[in-house]
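Please have the sequence and the model open while reading.

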Amino acid sequence: MLQETIRQQLIAIVGSDFYKDDPQSLVTHSYDGTPMLQALPDGVIYPASTEQVSAIMKVLNTHRIPVIGRGSGTNLCGGTVPVEGGVVMVMHRMNRILEVDLENLVAIVQPGLITKSFIAHVESLGLFYPPDPSSMAISTIGGNIAECSGGLRGLKYGTTKDYVLGLEAVLASGEIIRTGGKLMKDVAGYDLTKLLVGSEGTLAIITEATLKLVPPPKYKKTMLAMYKDLYGAARTVSKIIENRIIPSTLEFLDNATVRVVDDFAKLGLPLDMEAILLIEQDGETEMVERDIARIEEICRSEQAHSVSVAESPEEALKLLTARRSAFTALARLRPTTILEDATVPRSKIAEMVLEINRIAHKHQVTICTFGHAGDGNLHPTATTDARDKEEIHRVEAAFEEIFEAAIRLGGTITGEHGVGLVKSPYLEWKVGSAGIEVMKAVKQAFDPHHLLNPGKIFAKQSRKRVVLQHG
Amino acid sequence: MVKTEDRLTVGITSATAANVNTHGTEPACSSPRSPQLQLAGKLKLRLDEDQLTNCMRCGFCLPACPTFRETGIEAESPRGRIALMKAVTDGLMMPDQSFEEQMSHCLGCRACEPACPADVKYGQLIEQTREAIEEHTESHRWWVKPLRQVVFKQLFPHQKRVRLLGGAMQLYQQSGLRKLARSAGVMKLLPAHLSEMEQVLPNASSKGIVQKIGSHHPAKGMKIATVGMFRGCLMDMLFTETNIKTVELLTEAGFEVVIPDTQACCGALHAHSGETEDARSLARKNIAAFQAAGVDYIVSNAGGCGAILSEYDHLLHEDEQWREGAVWLAKRVVDISDLLIRSGKLATAQTKEQPIRITYQDSCHLRNVMRSADAPRKLLREVSGAEFVEMFEADRCCGSAGTYNIVQPEMAGGLLERKMEHANATKAHYLLTSNPGCLLQMKLGAAKHGDGQMQVQHIVDFLHERLVHNSSEKAKEQA
Ligand SMILES: Cc1cc2nc3c(=O)[nH]c(=O)nc-3n(C[C@H](O)[C@H](O)[C@H](O)COP(=O)(O)OP(=O)(O)OC[C@H]3O[C@@H](n4cnc5c(N)ncnc54)[C@H](O)[C@@H]3O)c2cc1C
Ligand code: SF4
Ligand code: SF4
């Protein structure tokens with residue numbers, strides 16, 4: 001609990017309904033989508049405007065109290081777990097679409113807006129906002145920006161960072177800054193917009209975003225290619241790209257994933273396949289037809305067992321929805337599901353998939369793999385049980401090796417979920433110690449007292465990189 | 001303090017309250033052997049640890065949950081409620097009064113279950129929680145517990161008493177007493193939502209279906225199968241006619257219908273409010289009754305009853321003697337709409353009125369537990385001369401939820417208001433439902449917020465008027 005005087009100052013800003021510190025509120029803001037993490041905050045606050053955010057920050061800054069911005073708490077890196085206590089700031093009340101500018105093709109929104117509601121609104125106006133994390137029915141635009149979320153369309157359309165043109169944000173001091181705007185071009189100084197995208201709530205609280213919209217594709221086709229051989233499927237991914245075709249979606253699911261997804265979504269997928277690729281192309285009709293035909297050829301040349309094109313938009317949507325549920329559907333297998341986010345250059349997908357399987361086997365853990373293969377972004381997912389400590393240790397060791405393998409193949413420790421708490425010990429593997437120092441200096445400039453989401457991104461100690469014995 | 005360097009350590013220490021906190025927030029304190037501590041112990045025993053662990057906190061269930069939608073507060077969501085249950089069993093939090101209140105805020109509509117890809121059995125968790133709370137709590141509104149005592153223990157388990165009450169209500173409604181009571185302002189003594197409810201109650205009956213038409217009804221034409229009808233208590237007292245029409249629809253569709261008179265209340269209300277032992281003993285009676293009747297199906301025309309019947313296997317899974325019978329019954333339970341669509345032979349229905357527009361409000365338990373959302377819609381789409389319009393968020397709870405509208409009037413009222421906005425927007429002439437609780441709630445909604453044009457009916461009554469009559473008329477014409 002915060003000191004009574006500080007509580008009263010916060011209540012004076014938002015009203016007594018919107019500052020809570022009863023046990024129930026604390027417990028329900030002690031976790032996010034990341035397994036096995038929990039820590040209680042001191043309070044939970046629900047601001048309604050930028051001015052309120054600013055006033056709150058001033059109070060917290062004066063008393064050096066940490067603040068954790070929170071959308072819907074769906075992140076998978078421990079990003080909203082208040083490990084050093086403090087106040088969780090829930091953005092749900094700031095959820096309006098402030099403007100859709102049809103002349104400039106931009107929208108201005110508040111951070112607490114649910115991504116799916118935004119997409120639905122934009123689509124009703126005949127426009128398109130491509131970033132579509134699988135969690136979009138729940139996650140917020142603010143959370144998406146803070147994590148730089150990607151989705152099934154990332155391969156062709158890019159991720160959240162490619163659609164954020166401007167931001168309004170409140171610094172730790174309570175000062176309000178504005179970056180970018182409705183402009184398509186802007187090189188006035190450092191690109192603070194890009195810096196804030198993916199900053200995981202550690203640099204500022206985002207209070208407003210100007211987002212780029214694009215015209216929707218005219219036509220699209222979805223297909224499913226099934227493989228008895230995992231390697232063939234993975235090679236297909238690299239080959240499609242090599243052939244200079246960029247599908248709008250190119251997703252990979254291994255056998256274990258197919259089984260659970262089918263159990264959940266009742267699609268009647270064949271359960272004896274080692275891997276399935278879900279491929280979508282969109283754009284001008286002619287180009288789509290040509291690409292799909294060419295992709296089909298490639299699939300067959302890589303020994304696809306069967307290739308089929310969705311008959312109707314409903315069927316296609318069902319397939320995509322099923323893919324979006326893959327992660328949580330895996331949770332049906334064992335009580336605890338730990339999903340990781342290793343990413344490699346697209347040409348290395350096949351190699352990485354084999355590495356993951358080898359590592360899983362070595363450590364005797366179950367790891368199912370699916371992901372945005374077209375971006376090189378794989379989600380090796382361990383199904384385990386948090387209560388079995390010994391097994392959890394093996395899982396952790398396996399993931400450590402998987403990160404190591406990703407880096408060795410020219411990849412990274414996270415492609416879209418962020419570093420947060422969970423991957424902070426490994427960040428140095430990717431960016432090096434000089435990289436960490438620069439990042440810390442940036443943090444210092446924005447947040448000199450380390451009040452914004454403390455404990456995230458920067459670990460107290462980096463993990464030693466393991467030296468692997470191959471074979 | 002939590003070691004951020006090691007996710008593992010964080011995870012495992014977080015299971016113990018003391019290590020988790022960092023800024024000195026103590027779990028709500030309580031003296032040893034305090035009621036809270038006792039309740040915590042009970043919860044630890046009762047709650048299914050696997051299910052609690054299975055919840056991966058992905059939040060997929062949040063958009064499905066009506067109470068979260070109304071309030072936007074994490075604690076009012078399935079993920080939040082599960083986190084609270086887990087926090088209690090982990091010793092991170094005491095089950096204080098606000099915990100109890102939060103658990104009774106849940107509608108039990110189970111919309112969170114189909115939304116959950118991890119297949120967390122939320123319904124079981126909330127029932128286990130309520131069962132533990134029920135044995136301890138003092139926190140109900142003053143009239144809830146005695147009312148439940150009377151209704152659950154003294155009334156529903158005894159069909160004869162239900163009928164007696166039906167008779168008393170009939171007397172009250174028809175003898176002029178009701179008029180007198182209304183004009184004398186007696187109603188004003190009741191909480192507003194109860195007197196509103198009183199106004200939409202249909203005429204009760206002292207005779208149930210068996211007393212009125214007997215318990216055995218042969219199929220018309222070739223017999224497809226024998227179905228045992230579950231008559232329900234509320235259904236049988238307030239909607240006897242609907243029960244009779246159910247039998248007629250079924251025999252018309254080729255089923256032989258038996259209505260074992262020894263069947264009891266389904267136990268749904270008991271189970272949902274934590275009186276699980278009572279629910280179990282009712283379940284045993286029903287299993288015995290229907291097994292003796294030797295039926296192929298057990299048909300229900302009330303989503304709430306059907307759902308609990310289909311979960312008897314879970315209710316009695318620890319009861320060695322009755323486990324098998326419970327599975328036997330649960331497997332055979334089917335909703336009237338499903339049975340008609342799946343197995344029955346049905347004459348096409350036709351409306352005699354001007355072309356009409358109809359819409360349908362799902363019964364949560366029919367949809368989310370029995371997973372039947374298509375069958376009623378298919379039936380309604382087949383009615384010629386009627387246009388079926390899907391209501392926005394027809395799958396969302398209307399706020400009736402068993403006794404919820406009686407014990408949680410504020411939340412229920414909010415939900416109903418929103419529901420009626422959507423219902424009115426369809427401009428339907430008929431709003432149809434599949435459960436007596438929903439039916440009454442929607443009647444109340446139409447009376448309070450309706451445009452005066454919309455009739456609220458049970459789907460059976462609606463179809464009966466247009467199927468049986470038509471086909472018997474057709475038969476007459478042909479003869
Ligand atoms: C089932 C499931 C599927 C997922 N699929 C994907 C996927 O396909 N692609 C993907 O990229 N991610 C995915 N995720 C991860 C997660 O959904 C995303 O990271 C999402 O963007 C988080 O949004 P949120 O609103 O829940 O944010 P939260 O989890 O609440 O917060 C995430 C981070 O943002 C910060 N933050 C939130 N709001 C603000 C603000 N206004 N200002 C400053 N900081 C803020 C928080 O402090 C935290 O660090 C998935 C998660 C789940 C559970
Ligand atoms: S959808 Fe299921 S697993 Fe996800 S938070 Fe809700 S109950 Fe838990
Ligand atoms: S049962 Fe209904 S009200 Fe209760 S948590 Fe689930 S969705 Fe929400």
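Which residue is the bridge partner of A:Ala107 in S9(A)? The partner is A:Leu211, and the points below set this pair in its surroundings, bearing in mind that the model is a predicted one.

**Strand S6 of chain A and its partners**

- Strand S6 of chain A covers residues 106-109, with A:Val106 and A:Ile108 pointing one way and A:Ala107 and A:Val109 pointing the other way, and all of these residues are buried.
- Strand S9 of chain A, residues 205-212, pairs with S6(A) in the antiparallel sense, and four bridges link these strands.
- Strand S5 of chain A, residues 97-101, is also antiparallel to S6(A) and is joined to S6(A) by four bridges, with A:Glu99 standing opposite A:Ile108.
- S5(A) and S6(A) form a hairpin that has four residues between the strands, and in this hairpin A:Leu105 takes a positive phi near 50°.

**Helix H6 of chain B**

- Just after H6(B), B:Gly91 takes a positive phi of about 80°.

Definitions and conventions
Residues numbered from 1 in each chain as written. Chains lettered and ligands numbered in written order. Predicted model: local features only at pLDDT ≥ 70, side-chain atom pairs only at ≥ 80, totals over all residues. Heavy atoms only, no water. Buried < 20%, exposed > 50% of the residue type's maximum accessible area, 1.4 Å probe, protein only. Helix = DSSP H or I, 4+ residues; strand = E, 2+ residues; numbered from the N terminus. Pairing = 2+ DSSP bridges.
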